[in-house]
Amino acid sequence: MNLPLGPSPDQPVFVISVAAELAGLHAQTLRSYDRLGLVSPGRSAGGGRRYSARDIALLREVQRLSQEEGVNLAGIKRIIELEQLVDELRTRLDELAQEVLAARAATEQATATVHASYRRDLVPVERNQALVVWRPKPRK
């Protein structure tokens, strides 16, 4: 029997009361965090807030930073923004690393193709040799 997969971490499924209980906060606190832009839950067709598992984790992190680290809400918002930027930059770095690997492989393939096309009857000449042509001075 195949069981259906659970929702993705980003799928908004929890109503505010459930999200508040899971995060260990009051529902009014969640509304306040939404207004401040700390956590932006999805919305249902009727406009109600719907929180994802990732939102719940973020709410817990906001609570931890506030209670254990003593960071104010403006500082928490900045920390969240910077962490999101770091995640985006890491993703972009991984993409660029893959592009570099692909370009390197393409270059090696092109080099091998060029080397395979060399004529075998030619003799390589060292470039540090010089050819001097002597021409006598014309007589007057």
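Helix α2 and its surroundings

α2 is followed by G37, whose phi is positive, near 85°. This is a predicted model, in which local features need pLDDT of at least 70 and side-chain atom pairs count only at pLDDT 80 or more, while totals for chains, interfaces and linings use all residues. Residues are numbered from 1 along each chain as its sequence is written, and side-chain values use heavy atoms, with hydrogens and water left out.

Q: Why are α1 and α2 called roughly perpendicular to each other?
A: Helix α1 (residues 16-23) and helix α2 (residues 27-36) pack at an angle of about 100°, with axes 8 Å apart. Angles of 65 to 115 degrees count as roughly perpendicular, and therefore the term applies to α1 and α2.

Q: Which residues make the contact of α1 with α2?
A: I16, A19 and A20 of α1 meet A27, L30 and R31 of α2, contact meaning heavy atoms within 4.5 Å. By class, five are nonpolar, none polar and one charged.

Q: What puts the buried residues on the same side of α2?
A: A27, L30, Y33 and D34 are buried in α2, that is, under 20% relative accessible area with a 1.4 Å probe, protein chains only. They cover an arc of only 115° around the axis, so they lie on the same side of α2. Their cover includes α1, β2 (42-43), β3 (49-51), α3 (53-67) and α4 (73-116).

Q: Which residues touch the most other members of the largest nonpolar core?
A: L30, L38, Y51 and L59 do, out of 18 residues. α3 gives the most to this core, with five residues.

Definitions and conventions. Axes are lines fitted to C-alpha atoms, for helices over the stretch in contact, and angles run from 0 to 180 degrees between N-to-C directions. Helices (H or I, at least four residues) and strands (E, at least two) are DSSP runs, numbered from the N terminus. Angles under 35 degrees count as roughly parallel, over 145 as roughly antiparallel, 65 to 115 as roughly perpendicular and the rest as oblique. Ala, Val, Leu, Ile, Met, Phe, Trp, Tyr, Cys and Pro count as nonpolar, Asp, Glu, Lys and Arg as charged, and the others, Gly among them, as polar. Buried means under 20% relative accessible area, exposed over 50%, partly exposed in between (1.4 Å probe, protein chains only). The arc is that of the directions from the helix axis to the C-beta atoms. A nonpolar core is a set of buried Ala, Val, Leu, Ile, Met, Phe, Trp, Tyr and Cys residues joined through side-chain atoms within 4.5 Å.
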